[in-house]
Amino acid sequence: MSAPATAQRNSDVASAVAEARARYVAARPASAALHREAVAVLPGGNTRSVLAYGPFPTAMARGEGCRLWDIDGREYLDLCGEYTAGLFGHSDRRIQAALQAALARGLNLAAVGEAEVRLAQILCRRFASIERVRFANSGTEANLMAVTAARAFTGRPAIMAFRGGYHGGVLTFPLSGTSPAVAPYPVVLADYNDAGGAVALIRAHVKDLAAVLVEPMLGSGGCIPAHADFLRALREATQEAGALLILDEVMTSRMSAGGQQARLGLAPDLTTLGKYVAGGMSFGAFGGRADVMDAFGGPIPHAGTFNNNVLSMAGGVVAMGEVFDDAAADALFARGEALRERLNALCRKAGVPMVFTGLGSLLCPHFGDGPFDRPVAPTPVVDGLRELFFFDMLEAGIYLARRGMAALSLPVSGAELDRYANAVADFLTLRGPLLQDARIAA
Ligand code: PLP
């Protein structure tokens, strides 16, 4: 007599993952074949590290609303939300119309235009601390330019960042050791949410510190919100030291019409934006104090062929000027908060060491008892549970970031939220015994 399926699936984390992976592979022959072609021409088979996972990533063919279809014809509820850039879903009619109208007017005009002025006006109106703003093509570029501004303004070379912080492809700060993916600035690394430690380091580096670069919630680091008093301490200490506070709101600007800074009542010197702001077109922006930013109208050059490309500018005007208004931002925040509370109630009821952290519409599961105030290097068991969660959700037709992060898009509402909560409840039931291992190993 064979053992029941649940027993087979739960003998230990490693065999549960191996089984889940085998089912994943069997269901995706077309993605597997594409990956075999990709590795011959793209190192690692991809051109975007966050999408690289074993045994091969699922390749998507198309999307509509908050649904995706992979190239094997499987349909998913998309909760990955393009790592927060997909706020509007895949087919918002107003954004599509704006982009089509821009296309009809012609591409690559090599000139200033009306849309960039309108978008700058909208952003300066919405974000209280942004008096002047400039555009770029990515959040990475926006952060590089904000750091450039701070270094020029202060005449100092170094930046402070946080272990596990992520500000772009060349601003990736590791939990330990050094990263090959950090632009060659002198960097002072501190622990996230450790106000005392960070303030002491700011004071110790008062002569050479140009800026503190911080996310109000570690996004890539696992949706870990900053404590309000941590950010306040950074604000005060940078002011005292004559360094600038750069708030990276590339992910968190969606938390209200004026970003997470409006929720916190925080006034950074510079803010960086990106992701969804151009309605899903490539985008980055950096802005803030006029006395700092005005250097870009003078001594500091800031070029970029696509900085004001007509698609991003047209998308941004409609996305930020019409679709994602104050009410939409507040409603999305509330939907996300309610979902996280609902999922955590399920975890508590199941008695397992699993917790969803985050803010508003961005959330991420963690395995263990916490506290989750800063990222820690995962144990092999925790890594396995994370992978298992990802594969189990895919099997349930739910597409998340590989690390488990969900970024709710505007089309995600009641039925979709129920579907995700039910899938998590099933996971807790099926994997309950294995989840206890996170506690032992943590
Ligand atoms: N800053 C934060 C907080 C991010 O999450 C990201 C991207 O995930 C970036 C910056 C970099 O943005 P981009 O991928 O557009 O370069």
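Visitor: Let's start with Asn-193: buried, partly exposed or exposed?
Guide: Keep in mind that this is a predicted model. Asn-193 has a relative accessibility of 9%. The cut-off for buried is under 20%, so Asn-193 counts as buried.

Visitor: What is the phi of Asn-193, roughly?
Guide: Asn-193 is found in the loop between β6 (187-190) and α7 (195-204). Its phi is positive, and Asn-193 is a residue other than glycine. The value is near 65°.

Visitor: Where is the cis proline Pro-55 placed?
Guide: The cis peptide bond here runs from Gly-54 to Pro-55, with omega near -5°. Pro-55 sits in the loop between α3 (29-38) and β1 (60-64).

Visitor: Which residue is joined to Pro-371 by a cis peptide bond?
Guide: Pro-371 has its place in the loop between β14 and α13 (380-395). Omega of the bond in question is about 5°. The partner of Pro-371 in that cis bond is Gly-370.

Visitor: Zooming out, how far apart are the C-alpha centres of domain 1 and domain 2?
Guide: Domain 1 takes in 5-78 + 327-441, while domain 2 is 93-324. Across the boundary, 25 residues of domain 1 are in contact with 26 residues of domain 2. The C-alpha centres lie 28 Å apart.

Visitor: Which three residues supply 29% of the area that domain 1 buries against domain 2?
Guide: Between them, domain 1 and domain 2 bury about 2,000 Å², and 67% of that is on carbon and sulfur atoms. On the domain 1 side, one trio supplies more than any other three residues. They are Leu-359, Arg-374 and Pro-375.

Visitor: What about charges: how many salt bridges cross the interface of domain 1 and domain 2?
Guide: Polar contacts come to nine residue pairs across that interface, both residues being at pLDDT 80 or more. For salt bridges, the rule finds one.

Visitor: Which residue meets the side chain of Asp-330 in a salt bridge?
Guide: The N to O distance is 3.6 Å. A salt bridge needs the nitrogen within 4 Å of the carboxyl oxygen, so this pair qualifies, and the partner of Asp-330 is Arg-263.

Visitor: Last one: which element gives the largest share of the side of domain 1 that touches domain 2?
Guide: α12 (326-350), β13 (354-359) and β14 (362-367) each supply at least two residues of that side. By type, the residues there divide into 16 nonpolar, five polar and four charged. The largest share is five residues, and the element that gives it is α12.

How values were computed
Residues numbered from 1 in each chain as written. Predicted model: local features only at pLDDT ≥ 70, side-chain atom pairs only at ≥ 80, totals over all residues. Heavy atoms only, no water. Domains from an automatic or database assignment. Contact = heavy atoms within 4.5 Å. Buried area = accessible area lost by both parts, 1.4 Å probe. Polar contact = N/O pair within 3.5 Å; in protein donor to acceptor, adjacent residues only side chain to side chain. Helix = DSSP H or I, 4+ residues; strand = E, 2+ residues; numbered from the N terminus. Nonpolar A, V, L, I, M, F, W, Y, C, P; charged D, E, K, R; others polar. Buried < 20%, exposed > 50% of the residue type's maximum accessible area, 1.4 Å probe, protein only.
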